[in-house]
Structures are given as structure tokens and as C-alpha cells.
Amino acid sequence: MGKSTGFLEYERKDAAAEQPKLRIRNFNEFKTALPVREQQLQGARCMECGVPFCQYGGMVGGMASGCPLHNLVPETNDLVYTGNWEQAYKRLEKTHCFPEFTGRVCPALCEAACTCGLYGDPVATKANEEAIIEQAFARGWVKACPPQVRTGKRVAVVGSGPAGLAAALMLNRRGHLVTVFERSDAIGGLLRYGIPNMKLEKWVIDRRIALMEEEGVEFRTGIDVGKDIKAAQLLKDFDRILLACGASEPRDIAVAGRDAKNIYFAVDFLGEVTRALKPVKASGQEEDRQTEHGRVSVDDRAAVRALVKGKHVLVIGGGDTGNDCVGTAVRLGAKSVTQLEMMPEPPVVRASSNPWPEWPKIKKTDYGQEEAAAVYGHDPRIYQTTVSEFIKDDKGNVCQARLVSLEPKTDEKTGRTVMTPVEGSQKLADAQLVLIAAGFTGAQKYVPDAFKVALNSRGCVAADEETYMAADRIFAAGDMRRGQSLVVWAIHEGREAARAIDRSLMGYTNL
């Protein structure tokens, strides 16, 4: 251990963030990494405790505690402190495919379970890992590693989100021939079109994809498996199929007036904003895009801004996607932004019923909420509230929403706590654009149906917990198997599915 008293000597320092009113002028990432020497001192704060829950990645109290990838956290933190960046990268690479993604968007399960955080601030492990991978890219240590020997086995990966990419990377390095199918126009899944640029600039994805292509992974975009190509054709052409399409069926709000115009699912809205930020073709024209009925389609930046600018925006949902909608609406010039959260406002500190090392169920203010507060003068969140009706104007556009307060009550039959409308609590709120960020209900059915694989009660592919197998030669991973989750869990799923597929192909696995 490089600095046994580091956690006593050094305070936690995080990357400097640009002030909210400045950063909302664009969609760029807005945090500036610490100088190298200061980042090394953050590594010195690691206690190298006897039981490092940070890398446990198991369930405690029904919630994940620590990193699902089982990153060798104390080792890498110590190597950061001693300035041995190359060795730190080699240790991190043993367990992690894409630290450049999680270093930007992960909620840091490792830090929530950090022993140092029991009585003070946890070690800045997430920032340390991002520093490791960016040092590695800058110094040329991250190189394409094409396999020296090919097995001749062919694997199709359907979906190019973090689960599909992790599986593709590992299976290709094992020597299998891997083809990734993506229905969108670019690789990345929700990394590309679900996470805004200010959290993850898209050159970060492109940099990794270029390496994977150099290693031999084939990417085929604009192909919607189950529609553009039949499942039978893939089963004929490939030895194994991995379904990693995500849990992309958005949860709707079934209330009166839902058919009003300018009510969109958050994931579609965020995706179209990201598409509009892409450079236009040399001709100055964007490709025409068609979307499913009721989903937003805009053709350029001006149209995106016109969708939001000067309007009262209502975001339904208090999670990460809802926060991303808030930050995006602020950048596009919304007149006001209100974010509804059904559940009660969390406590500022852990409750006694939520002890360490469980995930802390406390109130957190994210970047979008900070920006809304800076621009409009108040936190945009309203807790214990939902919509009971959307009201249209004479042109069929949403103009107001009828809100209703909720209170927790115990269901006599199930014993569960349910949020119940409070009689007489309804009130009207202006809403000219509504973004539904209420989560997802599972996989879109047409892909599982095409491959004749079953869904479970949560609408996800019913794949075996150990083998990830959903049917003969067909596997599933990521949100499509476990339901809506985090990028780090998707990467874990992709890695585990790759091992299972490799074992099924070769009789053993050395992944």
C-alpha cells in the first residue's frame, strides 16, 4: 500500500465542472479532469481495507453493492497513486472492456460501497478509472488486438449497446468471427442515442468502435433483425446468436388526453436531439427519418430547438433519463422545466434502514437539476406527484396537465406500499411539451418473437441465469435479459454471455 494514511491526509477532490449558465450554451462535456498529480493523490486515499466491498458486486439488502465487473479497485487505486499508469491500465483491462464509458456515465456503485465513505467521503474511484483509460489512450497503450488464430466459428450479436459491444469484443479476441447488427444508423445503442452528449460525447464511442473494427469485428448498421433480415437466415449463417437489444419498450402514461400532440417518450426525444447535433452532409441536407406512430422525428437543429424553445416543458420521471431531459430542455431554451417524481423525496443522509454498504437511497441533485435551478431559480422536481389528465388546445396540442398529489399506502392484499392519489389535490400546470421518462417495460417483442424465445413476467427474454441461453444456439444479455439497468451491468452481462457462448462453442472457455 503506497500511502497508509492517505485517507486521513487528503480530502476528496472531483473534476471541476463548468458553471451551469455557461455549460448550457452547448452540448459538450463540461467537466475538466484534475491535474495528474492531484489525481494521483486521490488514489492515495484508498484504504486497501481488508474486505473491499467496492469490488464485491453482489446483492446486499436487495440492492447491488460494489462494482459488478469486480474491478481490482484497491490495486488500481494504489497504482494511480504511485504513478504507474501503464500497469494500472493493464490491471483495469483484466476486468473492464470500456472504462471510458463508465468513467463518464456510471453512478459509481464502487464508491457507494467504499469503506472510506462509511464515515466520510468515498475514494474517487470512478475518476481514477477514467484517468487511467484516458492516460492509456493518450500514451498509445490502447491498441487493436486482433486474434492470431481464428476458430472459424461465427457469432451474430443483435444490438450494439454496451452489452453487445462487450460480448463482441471478447468473442472476437477469442478468435470467433463476430458480426454486430444494429437497426440504427450508428453503433452504440443507448450509449449513442440515449445518453446526451454532455455526459458522453460520441467521439468516445467512435474511438472504441474503430479499434474493434481494426481487430476484426464486423458492424452492420441500418439492419433491423426480425424485420429487415429473418431470424432463420441468421440461424443459418451463424453458429450462435446473442440478443442484446435492450429493454427498449417505454412505459406509457395511460391517462385522458394522452393522444395530444407534443407528448413524446424521453428516449425518442433524446435520440432525435443527438441525431440533430450530428454534422450535416456536404449537401447540407439530413437524411429523411421515419419513426413509429406517435414518436418524435425532427430533421435538423432548428427543428429540435423549435420543439422546445419558449415552451413550458413537463418531464414525467425522476430518474437519470428524466434528468437528461431536464438538462436537454434547458439547453434548447425551454421557458420552464418541471420534473415529476411519483415517490417521496429521499432523505439527505442515509436512513437507519439503509445502512452501508447498501446503495444509499438519498437525495441527489444531478447536472440537469442544477442547471434548471440556475436558470429558473428553483429545483425543477416535484415529489409525490403524477399526471391525471393532459389538456389540449383547439389544435390538438397539449397545453396543460392536470397534476395530482400522491401518498404512500399499504396494499392490504400484497402488503406492498403503493402511491395513491390524494382526493382533492388536483391542480393545473402549463405544459406545451411533455417528455415521458417513466422507465421501460421490457424488450420490444418482435425480436424475441422472431427467434421464438420466451419472455418472463417482466417482459424480458427468459434466458438461463448461468448459461445466458434462451433457446438452442440463442443467448440473451444486458437489459434485454435483466431489465432496465446501468451501463456497468450491461457490460458485465455482455462479458458473462461471451464466456457462456465461447464455452458452448468450444467445450471450455479461457475468457
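Okay, let's start with Cys67, which sits in the loop between strand 4 (63-65) and helix 4 (73-81). Before I go on, a reminder that what you're looking at is a predicted model.

So, is Cys67 buried or exposed? Cys67 has a relative accessible area of 7%, so it goes down as buried, the cut-off being under 20%. What does Cys67 touch, if we skip the neighbours within four places in sequence? The contacts are Cys54, Gln55, Tyr56, Gly57, Cys110 and Val488. Notice that two cysteines, Cys54 and Cys110, are among them. For a sense of scale, take Ala438: Cys67 is 371 residues from Ala438 in sequence, and their C-alpha atoms are 26 Å apart in space.

Next, another cysteine, Cys46. You'll find Cys46 in the loop that runs between helix 3 (36-44) and strand 3 (58-60). Cys46 has a relative accessibility of 9%, so Cys46 is buried too. If you want a distance here as well, Cys46 and Val315 are 269 residues apart along the chain and 39 Å apart in space, C-alpha to C-alpha.

Helix 3 packs with helix 8, residues 125-138, at an angle of about 135°, and the two axes are 10 Å apart. That angle is why we call helix 3 oblique to helix 8. And the crossing of helix 3 and helix 8 is left-handed. Which residues make the contact? From helix 3 we have Val36, Gln39, Gln42 and Gly43, and from helix 8 we have Ala127, Asn128, Ala131 and Gln135. Sort the residues in that contact of helix 3 with helix 8 by class and you get three nonpolar, five polar and no charged ones.

Right, on to the charged residues. Side chains of opposite charge can pair when their charged atoms come close. How many salt bridges does the structure hold? The count is 30, and I'll pick out a few.

Take Arg258 and Asp252, whose side chains meet in a salt bridge at 2.7 Å, N to O. Arg258 is buried, because its relative accessible area is 18%.

The next pair is Arg481 and Glu493, with 2.7 Å between the closest N and O atoms of the salt bridge. This pair links distant parts of the chain, twelve residues apart: Arg481 belongs to helix 18 (residues 479-482) and Glu493 to helix 19 (residues 487-506). At 7% relative accessibility Arg481 is buried, and at 1% Glu493 is buried too.

Last one. Which residues are linked in a network of salt bridges? The members are Glu29, Arg104, Glu130, Glu134 and Arg207. Have a look at that network in the viewer when you get a minute.

That's me done, thanks.

Methods: Residues numbered from 1 in each chain as written. Predicted model: local features only at pLDDT ≥ 70, side-chain atom pairs only at ≥ 80, totals over all residues. Heavy atoms only, no water. Helix = DSSP H or I, 4+ residues; strand = E, 2+ residues; numbered from the N terminus. Buried < 20%, exposed > 50% of the residue type's maximum accessible area, 1.4 Å probe, protein only. Contact = heavy atoms within 4.5 Å. Axes fitted to C-alpha atoms, helices over the stretch in contact; angles between N-to-C directions. Parallel < 35°, antiparallel > 145°, perpendicular 65-115°, else oblique. Left-handed = near helix turned anticlockwise from the far one by under 90°. Nonpolar A, V, L, I, M, F, W, Y, C, P; charged D, E, K, R; others polar. Salt bridge = Lys/Arg side-chain N within 4 Å of Asp/Glu carboxyl O.
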